[in-house]
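Please consult the sequence and structure shown below.

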Amino acid sequence: MENIGYIVFICFALPFLLAIPIVRKNTRLIMLYVFIGMCCCLFISEVNGLLNTLIAQDMFYVTTNITPLTEELIKALPVVVFAIFISSERQTLLTIAFMTGLGFALLENATILVETAVLQRSVDILWALVRTLGAGLLHSLCTTAVGVGISFIRDQKKMFLCGSFALLSLAIVYHSVYNALIQSSCKYLGAVMPMITYLAVIVVLVIVYNKGTSKNS
(Lines give C-alpha, C1' and ligand atoms only; values in the text may rest on other atoms or scores of the structure.)
Protein backbone atom coordinates (compact mmCIF):
# COMPACT_ATOMS: atom_id res chain seq x y z
CA MET A 1 0.00 0.00 0.00
CA GLU A 2 1.55 3.31 -1.10
CA ASN A 3 1.29 6.75 0.50
CA ILE A 4 -0.07 5.43 3.80
CA GLY A 5 1.16 8.56 5.59
CA TYR A 6 -0.78 10.84 3.25
CA ILE A 7 -3.92 8.74 3.55
CA VAL A 8 -3.78 8.83 7.35
CA PHE A 9 -3.04 12.57 7.26
CA ILE A 10 -6.17 13.21 5.21
CA CYS A 11 -8.28 11.12 7.59
CA PHE A 12 -6.89 12.60 10.84
CA ALA A 13 -5.44 16.06 10.20
CA LEU A 14 -7.94 17.60 7.80
CA PRO A 15 -10.87 17.24 10.27
CA PHE A 16 -8.75 19.17 12.81
CA LEU A 17 -8.14 21.91 10.27
CA LEU A 18 -11.82 22.16 9.36
CA ALA A 19 -12.84 22.31 13.03
CA ILE A 20 -10.50 25.19 13.96
CA PRO A 21 -12.83 28.00 12.73
CA ILE A 22 -15.80 26.41 14.53
CA VAL A 23 -14.47 25.93 18.06
CA ARG A 24 -14.09 28.62 20.70
CA LYS A 25 -11.21 31.04 20.39
CA ASN A 26 -9.27 29.68 23.40
CA THR A 27 -9.41 26.18 21.88
CA ARG A 28 -8.23 27.15 18.41
CA LEU A 29 -4.58 27.54 19.37
CA ILE A 30 -4.50 24.04 20.85
CA MET A 31 -6.12 22.46 17.80
CA LEU A 32 -3.93 24.49 15.45
CA TYR A 33 -0.76 23.16 17.04
CA VAL A 34 -2.04 19.59 17.00
CA PHE A 35 -2.54 20.10 13.27
CA ILE A 36 0.93 21.66 12.93
CA GLY A 37 2.40 18.65 14.73
CA MET A 38 0.76 16.34 12.21
CA CYS A 39 2.13 18.45 9.35
CA CYS A 40 5.61 18.20 10.89
CA CYS A 41 5.27 14.42 11.04
CA LEU A 42 4.22 14.15 7.40
CA PHE A 43 7.03 16.44 6.25
CA ILE A 44 9.78 14.78 8.27
CA SER A 45 8.73 11.29 7.16
CA GLU A 46 9.66 12.31 3.62
CA VAL A 47 12.95 13.84 4.79
CA ASN A 48 13.84 10.75 6.82
CA GLY A 49 13.03 8.50 3.90
CA LEU A 50 15.33 10.51 1.65
CA LEU A 51 18.15 10.55 4.22
CA ASN A 52 17.76 6.82 4.80
CA THR A 53 18.20 6.23 1.08
CA LEU A 54 21.23 8.50 0.85
CA ILE A 55 22.99 7.22 3.99
CA ALA A 56 22.12 3.54 3.40
CA GLN A 57 22.64 2.45 7.02
CA ASP A 58 20.79 -0.13 9.11
CA MET A 59 17.62 0.82 11.00
CA PHE A 60 19.33 0.98 14.41
CA TYR A 61 21.83 3.56 13.15
CA VAL A 62 19.13 5.66 11.49
CA THR A 63 16.78 5.67 14.49
CA THR A 64 19.51 6.54 16.99
CA ASN A 65 21.54 9.03 14.95
CA ILE A 66 19.32 10.53 12.25
CA THR A 67 15.62 10.55 13.12
CA PRO A 68 16.01 12.02 16.65
CA LEU A 69 17.90 14.96 15.13
CA THR A 70 15.52 15.65 12.24
CA GLU A 71 12.31 15.09 14.20
CA GLU A 72 13.23 17.21 17.21
CA LEU A 73 14.42 20.05 14.99
CA ILE A 74 11.22 20.17 12.94
CA LYS A 75 8.96 19.86 16.01
CA ALA A 76 10.80 22.63 17.84
CA LEU A 77 10.63 25.08 14.94
CA PRO A 78 6.95 26.17 15.27
CA VAL A 79 7.33 26.46 19.05
CA VAL A 80 10.44 28.65 18.77
CA VAL A 81 8.76 30.84 16.14
CA PHE A 82 5.75 31.30 18.45
CA ALA A 83 8.03 32.20 21.38
CA ILE A 84 10.01 34.76 19.36
CA PHE A 85 7.25 36.48 17.42
CA ILE A 86 4.05 35.97 19.43
CA SER A 87 4.45 35.19 23.12
CA SER A 88 6.95 33.69 25.54
CA GLU A 89 4.37 33.16 28.29
CA ARG A 90 5.42 29.90 29.95
CA GLN A 91 2.06 28.17 30.30
CA THR A 92 1.14 28.95 26.70
CA LEU A 93 4.47 27.61 25.42
CA LEU A 94 4.08 24.49 27.56
CA THR A 95 0.64 23.90 26.05
CA ILE A 96 1.48 24.45 22.39
CA ALA A 97 4.74 22.52 22.68
CA PHE A 98 2.97 19.51 24.19
CA MET A 99 0.22 19.74 21.56
CA THR A 100 2.77 19.91 18.73
CA GLY A 101 4.42 16.74 19.98
CA LEU A 102 1.00 15.15 20.48
CA GLY A 103 -0.07 15.91 16.92
CA PHE A 104 3.22 14.50 15.63
CA ALA A 105 2.76 11.34 17.70
CA LEU A 106 -0.88 10.89 16.65
CA LEU A 107 -0.06 10.83 12.97
CA GLU A 108 3.08 8.72 13.45
CA ASN A 109 1.29 6.13 15.58
CA ALA A 110 -1.71 5.98 13.27
CA THR A 111 0.53 5.50 10.22
CA ILE A 112 2.60 2.79 11.91
CA LEU A 113 -0.61 1.12 13.11
CA VAL A 114 -1.99 0.93 9.58
CA GLU A 115 1.32 -0.29 8.17
CA THR A 116 1.74 -2.91 10.89
CA ALA A 117 -1.86 -4.09 10.89
CA VAL A 118 -2.17 -4.29 7.10
CA LEU A 119 1.29 -5.58 6.22
CA GLN A 120 2.20 -7.66 9.28
CA ARG A 121 -1.07 -8.16 11.19
CA SER A 122 0.81 -8.20 14.48
CA VAL A 123 -0.84 -5.53 16.62
CA ASP A 124 -2.47 -6.00 20.01
CA ILE A 125 -3.31 -4.06 23.18
CA LEU A 126 0.28 -4.25 24.45
CA TRP A 127 1.56 -2.86 21.16
CA ALA A 128 -0.89 0.05 21.43
CA LEU A 129 0.15 0.81 25.02
CA VAL A 130 3.85 0.79 24.16
CA ARG A 131 3.33 3.05 21.14
CA THR A 132 1.10 5.45 23.09
CA LEU A 133 2.85 5.63 26.47
CA GLY A 134 6.28 5.16 24.95
CA ALA A 135 6.95 6.76 21.57
CA GLY A 136 3.75 8.80 21.60
CA LEU A 137 4.47 10.42 24.96
CA LEU A 138 8.14 10.81 24.04
CA HIS A 139 7.39 13.28 21.24
CA SER A 140 5.29 15.51 23.50
CA LEU A 141 7.86 15.48 26.32
CA CYS A 142 10.79 16.37 24.07
CA THR A 143 8.97 19.28 22.44
CA THR A 144 7.66 20.45 25.81
CA ALA A 145 11.20 20.60 27.19
CA VAL A 146 12.18 22.91 24.34
CA GLY A 147 9.07 25.06 24.69
CA VAL A 148 9.34 25.55 28.44
CA GLY A 149 13.09 26.13 28.22
CA ILE A 150 12.63 28.80 25.54
CA SER A 151 10.33 30.72 27.91
CA PHE A 152 13.30 31.19 30.27
CA ILE A 153 15.88 32.29 27.69
CA ARG A 154 13.80 34.07 25.06
CA ASP A 155 14.71 37.55 26.36
CA GLN A 156 18.27 36.64 27.35
CA LYS A 157 20.20 37.75 24.27
CA LYS A 158 23.53 36.33 25.42
CA MET A 159 21.98 32.97 26.33
CA PHE A 160 19.43 32.54 23.57
CA LEU A 161 21.57 30.81 20.94
CA CYS A 162 23.56 28.56 23.25
CA GLY A 163 20.45 27.93 25.37
CA SER A 164 18.39 26.94 22.32
CA PHE A 165 21.19 24.60 21.21
CA ALA A 166 21.29 23.04 24.68
CA LEU A 167 17.51 22.52 24.74
CA LEU A 168 17.50 20.91 21.31
CA SER A 169 20.45 18.74 22.30
CA LEU A 170 18.56 17.59 25.40
CA ALA A 171 15.52 16.60 23.31
CA ILE A 172 17.64 14.88 20.65
CA VAL A 173 19.71 12.89 23.15
CA TYR A 174 16.63 11.83 25.14
CA HIS A 175 14.93 10.73 21.91
CA SER A 176 18.04 8.85 20.79
CA VAL A 177 18.41 7.07 24.13
CA TYR A 178 14.77 5.97 23.97
CA ASN A 179 15.20 4.61 20.44
CA ALA A 180 18.37 2.78 21.45
CA LEU A 181 16.75 1.21 24.53
CA ILE A 182 13.54 0.17 22.77
CA GLN A 183 15.58 -1.81 20.23
CA SER A 184 17.86 -3.44 22.80
CA SER A 185 17.54 -6.11 25.48
CA CYS A 186 16.43 -3.28 27.79
CA LYS A 187 13.36 -2.51 25.69
CA TYR A 188 11.02 -2.62 28.69
CA LEU A 189 13.08 0.11 30.36
CA GLY A 190 12.82 2.14 27.18
CA ALA A 191 9.07 1.58 27.03
CA VAL A 192 8.47 3.00 30.52
CA MET A 193 11.08 5.80 30.35
CA PRO A 194 8.71 8.43 28.87
CA MET A 195 5.99 7.55 31.38
CA ILE A 196 8.40 7.91 34.31
CA THR A 197 9.51 11.27 32.95
CA TYR A 198 5.90 12.35 32.43
CA LEU A 199 4.97 11.50 36.03
CA ALA A 200 7.99 13.46 37.28
CA VAL A 201 6.87 16.47 35.21
CA ILE A 202 3.35 16.22 36.64
CA VAL A 203 4.75 16.18 40.19
CA VAL A 204 6.82 19.30 39.47
CA LEU A 205 3.83 21.09 37.94
CA VAL A 206 1.65 20.25 40.96
CA ILE A 207 4.34 21.54 43.34
CA VAL A 208 4.73 24.78 41.35
CA TYR A 209 0.97 25.24 41.19
CA ASN A 210 0.56 24.69 44.94
CA LYS A 211 3.33 27.18 45.69
CA GLY A 212 1.70 29.75 43.46
CA THR A 213 -1.66 29.17 45.09
CA SER A 214 -0.24 29.49 48.63
CA LYS A 215 1.50 32.78 47.73
CA ASN A 216 -1.71 34.26 46.37
CA SER A 217 -3.79 33.22 49.37
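Thr 111 counts as buried because its relative accessibility is 13%, where buried means under 20% relative accessible area with a 1.4 Å probe and protein chains only. The model is predicted: local features need pLDDT of at least 70, side-chain atom pairs count only at pLDDT 80 or more, and totals for chains, interfaces and linings use all residues. Residues are numbered from 1 along each chain as its sequence is written, and side-chain values use heavy atoms, with hydrogens and water left out.

**Thr 111**
- Thr 111 lies in helix α4, residues 90-120 (a DSSP run of H or I, at least four residues, numbered from the N terminus).
- Leaving aside residues up to four places away in sequence, Thr 111 touches Ile 4, Gly 5 and Val 8 (heavy atoms within 4.5 Å).

**Largest pocket**
- The largest pocket holds about 1,400 Å³ of space (a volume being the space filled by probe spheres set on grid points joined across faces, edges and corners).
- A pocket is an open set of points on a 1 Å grid over the protein atoms alone, where a 1.4 Å probe fits, with protein on both sides within 12 Å along at least five of seven lines; lining residues have an atom within 4 Å of a point.
- Its lining comprises 40 residues, and Thr 63, Glu 108, Ile 112, Glu 115 and Arg 131 lie nearest the centre.

**Second largest pocket**
- The second largest pocket holds about 600 Å³.
- Of its 20 lining residues, Leu 94, Thr 144, Val 148, Val 201 and Leu 205 lie nearest the centre.
- α7 gives the most to this lining, with seven residues.

Technical notes:
Helices (H or I, at least four residues) and strands (E, at least two) are DSSP runs, numbered from the N terminus. Buried means under 20% relative accessible area, exposed over 50%, partly exposed in between (1.4 Å probe, protein chains only).
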